[in-house]
Amino acid sequence: MYKGVPASPGIALGPALVLPKKQFQLEKKIIQDVTAEKDRFHQALTAAKTRIEGLIALAQEQEQTETAKIFEAHRMVLEDPELITGVEQQIDQEKVNAEFALETTVNFYINLLSQANSAYMRERVADLKDVANQVLQFLAGGGPQIPEIKEDCIIVAAELTPSDTALLPLDKVQGFITEVGGPTSHTAIIARSLELPAVVGVKKITASVQSGDHLIIDGEQGAVFVNPDSDTIAVYRQKQEVLHRQKKELASLKTLAAQTKSGKTIKLLANVGEPWELPKALEYGADGIGLFRTEYLFLNRDTLPTEEEQFQAYKEVLVQMEGKPVVIRTLDIGGDKNLPSLNLETEMNPFLGLRGIRLCLKNKTVFTTQLRALYRASVHGQLKIMFPMISSLEEYRAAVKCAEEVRAQLIEEGHPVSGHVPIGIMVEVPSTAIMTDLFAKEVDFVSIGTNDLTQYTLAVDRMNEQISHLYTPFHPAVLRLIKMVIAQARDGGIEVSMCGEMAGDPRFTSLLIGLGLESFSMSPSALLAVKKQVRAAKSTTAKALAQKVLALPTAEEIRAALENAEERSDSACES
Ligand code: PEP
Ligand code: MG
């Protein structure tokens, strides 16, 4: 078994198709006619550009927005004046062939980018290589070749660029395995949008597999089996069938209401960490976005995103969600997420340190830039702003003061700003959970962040593998706090939602409904499984379950009770 990075979930079985590594004979040739050589280079550039424009149009037609964006970035590389002049100058001054000039110029930029500290910049190397390869293929004549695929197969490649992927007859492709790439690599993004299983970063896999070898990919676990025995095949065939059945069964729920058997409508919202997840949220019927994490805009880069860049990003989310509510959370950096551009000091206990709202209140420019972008975007949809890691009312008031100042300033500058942008908080620190009644007098809404609430209530670092067995949302103390937050928020007349992982875990659905929760926000892929539980729930049984579970003294007993209850509701649903 080979292990790699799980990049896109699902199971695939089938023969391998190993794509050959691209090799060009890049000879340095001295040329006589400089003008003709530069013409040849420009013709190849134009051919590559036409091809990329075709790929953009195709991706847009198929509503593959993320793929289209990747190709748009490629088009920008092709139009880069520095790159073009670099190649022309080499041809002019050294009288070398276009291939050699392109190769040396591109290598210069690749070296620069590879030395960058940020993973984002290093990933741009892949874009540059992809674009250069295409131009080289046009210089060689004919352009990129389409691999012939006659039967279903699993693609194995050292590296799979977006333009390689675009050449593949995807109706025959069952999954992808690559040697390079991480969970945010382009292969991973494209595989997820195609809903095909993928494992990336499997070292030396192209040397260990030959076309025709039988493969199994487990995209959830990041596992690859080469010529597995019949027992392993049988196990994975069965797993695949179960997944297919579940997917089909859940797909039939897409258009059905999230309503309990007692007629109560439950709001099912999506958590989104990157814009490519938005189409999935809509496809799976999300009523809106309950948590839009903004960290992706700040991570993997060397500079902070500008107000304009953020404005465009927030506007796009609001527009894509077509008037449905969108809760955008302000920056939650600190803890396990560092921002090199802020030169943050190393801390003894980063999760208890300068994180979330604390960091924003200390770095006011970062905060106000984000707030300006948010308020400017507010006119493009139904925006709600949420502050993370609030632990006291003073903190909340300070954050609201910043928001009000930003809003007033924008109006003074003549920017259109929405009349009412509700402001709420994450309840993820026990002090805030305990004071929900007081917060309810000042905030517009609360959202329970069970991931952090569990870590802070139990004093268990959520990233520390040594104590991961102690990190359990089934703990009675966590559930007691949740019960209290829901009750106090409801008594205070404010909206209460939950956006931690618990909200997307079907084992908790009935219990949370029994505790009075009416709004759940989760990863888009969990929406249908939770909807299934909602539709099977009854007010009286849910309340009885909540009463029973809250009286249990240990996490293990609670887990057993909830897993039993879920099984029962599953069978009730099927009958
Ligand atoms: C949470 O803490 O539950 C939460 C949703 O926030 P994050 O996982 O981004 O810390
Ligand atoms: Mg959190």
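Predicted model: local features only at pLDDT ≥ 70, side-chain atom pairs only at ≥ 80, totals over all residues.
**View 1. Magnesium site.** The magnesium ion (ligand 2) is coordinated by Glu428 through OE and by Asp452 through OD, at 2.0 to 2.2 Å. Glutamate 428 sits in the loop between strand E13 (423-427) and helix H15 (430-434), while aspartate 452 belongs to helix H17 (residues 450-458), so the pair ties together parts that are 24 residues apart in sequence. Glutamate 428 and aspartate 452 are both buried.

View 2. Helix H14 (residues 393-412) has 20 residues, which at 1.5 Å a residue should span 28 Å; its end C-alpha atoms are 28 Å apart, in agreement. Buried residues of H14 include Leu393, Tyr396, Ala399, Val400, Ala403 and Val406. Among the elements covering the buried residues of H14 are helix H12 (357-362), helix H13 (364-377) and strand E12 (382-387). Glycine 414, which follows H14, has a positive phi, near 90°.

**View 3. The largest cavity.** The volume of the largest cavity is about 90 Å³. Its lining includes Lys267, Ile289, Pro325, Lys384, Phe445 and Glu495. Strands E9 (267-272), E10 (289-293), E11 (325-329), E14 (445-448) and E15 (495-498) each supply at least two lining residues. The lining of the largest cavity divides into five nonpolar, four polar and three charged residues.

**View 4. The second largest cavity.** This cavity has a volume of about 40 Å³. Helices H1 (34-61), H3 (81-94) and H5 (119-140) each supply at least two residues of the lining, and H5 gives the most, with three. Residues lining the second largest cavity include Phe41, Leu83, Ile84 and Val131. The lining has nine nonpolar residues, no polar and no charged.

Notes. Residues numbered from 1 in each chain as written. Chains lettered and ligands numbered in written order. Heavy atoms only, no water. Donors = N, O, S within 2.8 Å, 3.2 Å for Na, K, Ca; no water. Helix = DSSP H or I, 4+ residues; strand = E, 2+ residues; numbered from the N terminus. Buried < 20%, exposed > 50% of the residue type's maximum accessible area, 1.4 Å probe, protein only. Expected span 1.5 Å × (residues − 1). Contact = heavy atoms within 4.5 Å. 1 Å grid on protein atoms, 1.4 Å probe; cavity = no way out; pocket = protein on both sides within 12 Å on 5 of 7 lines; lining within 4 Å. Points joined across faces, edges and corners; volume = space filled by probe spheres on them. Nonpolar A, V, L, I, M, F, W, Y, C, P; charged D, E, K, R; others polar.
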